[in-house]
Amino acid sequence: MIVRRRWTAAATTAILISAVLSHPGPGTAAPAAPATPITLSTTETAVVRVQLRDQAQLDRLVAAGADLANRPRARDGRILADLVLSGAQLAELTAQGATAVQIVQRAGDGSRHYAESVRAAEARTAAGLRAPAADQRTTTAAAVDTLQVQQAYWWTTGGQTFLQAQVATTATDDPDVEITVSWRTADGATGSFPLYRFEDSGEYQYHYNLPQPVPNRPVQLTATSSLGGTSRVVTPALWPNASPPPLPAGYQKDFIDAYLTPVDIQARIKRLARQYRDLVDVIDLPNKTQGYRRTAAAYLGDPAVAAVVVESVRFGDQSMNGVQVRTVDPGRRNRPLTVGYRDRVLTVSLATDTAGKTVSTTDEVAAAINARQPNRFRATVEDGSTGLPMPVAGPARLDDGLQGTEVPAKPWTVQALRLGVHRDGSRVGVLAYSQEHAREWATPLVTLEFAERMLANARTDPATRELLEQVDVFVIPTVNPDGANYSFNDFNFQRKNLVNHCTGPARDPKNRTSWGVDINRNYTVGSYFDGYVGASANCLSGNYAGTAELSEAESRNVVALAQTHPNIKFAMNVHSYGGYFMWPPGAYRADGRVTLPRPSIDESKMFLDSARRIVGAIAQERGTVTWPSQTGPVADVLYSAAGNSADQLYYELGIFAWDFEVGNDRWNPATGEWEGVGFQPPFDEAHGESQEYAGGLIELVRVARDYAAAQPAG
C-alpha cells in the first residue's frame, strides 16, 4: 500500500502578495477596526473580504496577480476586495492599513460542505474602485461640471426595494469630485447617498455605489457633484423588467441534492444517456487531460538547513511513489561524487577529501542526479540552500502528495452531453459549460440541473418538448476535471488545472497549491501573449496563461466542440461567485485601456435584451437579482481577463457568448451590508444557485429559439 502524505503548502498568492506588502502607499489613514477583529491562524487559508487602505494598495495587489475572487467594490467610501489569503498574508495586509470585514469561506469549509451535502442527499434518498478623498476645496461657479446618469434602476427582493445608480462626470481627471444621488419615492419619501469614483487601468469610468435600500418604489432621481454640476431629473426604471413564461403544473425540477465531484458527474452523464436514449448523445471530447496525477517528489535533507528537491520524471502513479532517495558517506578518503539507482533506491555517495570528510555541496548533488539519471529524476536545490554542504540524509520516500485515493489517476476524457430531438446540426445550437475553474463547485450543479430539467420535462411538458425540437443543446458540466478532483481532495481553493509548467525552484513542493494553468486565460483572442491585461506569465500566479495559447487540453476541448458543431450560435460559461452577467469584450490593453472591438449596435442590443430576459428568469426562483452594475461587457463590469473563452467563441466563431458568475451577494438587513457567499458555500446556498441559474439557462434556450425563428429563410 502506498502511504500518501499531505504537503505543507503556502497559499496560492504567497509569493505574489508578499512582493507588494513591503511598499505601503501614501495617503489615507487606516479604517476603524471592527469590534471583534477578524484574524486567521498563520497557516490557515480563507477567502476574506478586506477593506483596503487605499487605491494604491489595490493597484499593487492587482499588478502582482493577487488571487481576487471578483471585482473590488465600493461601500460608503471603502474599497472592498475578496482575496484568497493565508493568515500570515492577512496579518501583513492588516499591518499596512487594511481591515478584514468578512471571512467569506475558510479552506476547510469546502470539504465540510461537500460532506454535509452528501449526507443530506443520502438522507433524502432514504427519505478597482476608488473612494473620494475629503474635499477641502471651495468651489466656484466656474468649476461646474456636467453629469450624465448612465444607470438608474430599482427592484424589490425579499420584501426590500433597492436602488442603484451610475453617473459620469466630465471632470474625469479630478480624483476628488464627489457625486451625491438624491431620490424620491412614490409615497413622497426622500433621501440621498454618495457615489464613488471607479477607475480601471488608470482610466476614469464613472461613479457608482452598491445597491441601496429605499422604502418604496423610487420615481425620481437627481445627481449633483461637489463642483456644482447637476444632472437632469430621471425616473429610475424597473430592473430587469422581464419574466419567463410561468411553469406548468407538474413541472419537474430540483434534481441536484449534493455537491458533485468529477467522478460523480461522469456517473450522472452515463445515467442520463441510458435513461434518455432518444434525446441524448454523449460526446467524448478529443483531448484527454493529464488526469489526477503529479510527479513524485521528496526533500533530500532538511529544508530548514540544506536540502535538494528530488522529483520523478514520470508521474507518481507510474511506479514512482515510494521510490527512495538518500545520500551516504562512502567512509573512505578521496572518493568522487557518484549516483546509482537500484531496487527503487536512488543513492548519492558524497565526495570526500583527503581526511575522509564529505565535501559535496547541494548544487553538486543536484547536478549529478540530473546528469546521471535524467530519464528517471530531476533535482533542484531547495530555495535558500544554494552552495551549502550537502548532509548525509535519507532515505526519503518520493510521493505525489495526492490525497484522493478513490479518483482514477489515468488521463481523463472530458465529456459533453448533447440534448435534442434533432441532433444533426439542423437546429440552432446552445452550449453551456462550467467549472473551467476547479474551485467553483456550484457551477456544474447549474448545468446538470439544466440538463435534467430539459430531459425530464420533454416527456411531460409540451413547451419543453418544443424547445428540444427547435434547439440543439450541448453541456460540458466540468471542463477542468483534474483541477476539480484536486479541489475536492487536496486543496479546495485550487483554481487551475494540474499541469505543472514550472521549472527550477518553482517546482519546490511547497508551491504545489500554486501549480497549474488558468484555463480561462489560455485561449487565443485578446490573450496575454498578444499584450492584453488580466493574465500572467508567472507559473505560480492564479491567472497563469500557460506556455502558449491553447497549450492545455481543457481549452482545446471547448474550442474543438464549438468548431465541430458550427450550428452553435449561443454559449454560456458558468463561473462563481459574485453575481455577474457578462459578455464580450472581455479584455483590454493597458495603455489607454483599449478593449477588443466592441460588438455592433445591433449585437450589443441583442446581448442586453437577452440579459434582461435571463436575469428575469433567474429572479423567479428565489428573488435573486443580478445587479445592473454587474451586467454588461466583462471588461467593463468585472476586469480584463486576457485569453478568456467567451472572447474566443464570439470573435473567432461568431457565437453570442455570455458568462455567469453565480453566487450573488446576499443582503443582511441586520448589518446593512451585502455579504459574499464563496466558492463552496453551505449546500443549501449552492442548491439555490443551481435552481435559479438553471432557470436562466432555460431562458437562454428560448432566446436561441426566438433568434433562429427571426432569421430569414434560406
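Close-up 1. Strand β23 covers residues 428-434, strands being DSSP runs of E of at least two residues, numbered, like helices (H or I, at least four residues), from the N terminus. Because 7 of its 7 residues are buried, β23 is largely enclosed by the rest of the structure; buried denotes under 20% relative accessible area, exposed over 50%, and partly exposed the range in between, with a 1.4 Å probe and protein chains only. The model is predicted, so local features need pLDDT of at least 70 and side-chain atom pairs count only at pLDDT 80 or more, while totals for chains, interfaces and linings use all residues. Residues are numbered from 1 along each chain as its sequence is written, and side-chain values use heavy atoms, with hydrogens and water left out.

**Close-up 2. The two faces of β23 and its neighbouring strands.** In a regular strand the side chains alternate between the two faces of the sheet. V428, V430, A432 and S434 point one way from β23, whereas G429, L431 and Y433 point the other way. Strand β24 (residues 471-476) runs parallel to β23 and is joined to it by 6 bridges; strands pair if DSSP finds at least two bridges between them. Strand β25 (residues 568-578) is likewise parallel to β23, with 6 bridges. Y433 has I476 as its bridge partner in β24 and N573 as its partner in β25.

**Close-up 3. The largest nonpolar core.** This core has 95 residues, and those with the most contacts inside it are F450, I476, F570 and F660. A nonpolar core is a set of buried Ala, Val, Leu, Ile, Met, Phe, Trp, Tyr and Cys residues joined through side-chain atoms within 4.5 Å. Helix α14 (residues 683-710) gives the most to this core, with 10 residues. Leaving aside residues up to four places away in sequence, F450 touches A432, V473, V475, A694, L697, I698 and V701; contact means heavy atoms within 4.5 Å.

**Close-up 4. The disulfide of C502 and C539.** The sulfur atoms of C502 and C539 lie 2.0 Å apart and form a disulfide, defined as a pair of cysteine sulfur atoms within 2.5 Å. Both cysteines are placed in the loop between α9 (481-489) and α10, 37 residues apart. The link is right-handed, with 110° about the S-S bond. C502 and C539 are buried.

**Close-up 5. S555 in helix α10.** S555 is located in helix α10 (residues 553-564). S555 counts as buried because its relative accessibility is 0%. Its side chain makes a polar contact with the side chain of N522 at 2.7 Å; a polar contact is a pair of N or O atoms within 3.5 Å, where within protein one must be able to donate a hydrogen and the other to accept it, and residues adjacent in sequence count only if both atoms are side-chain atoms.
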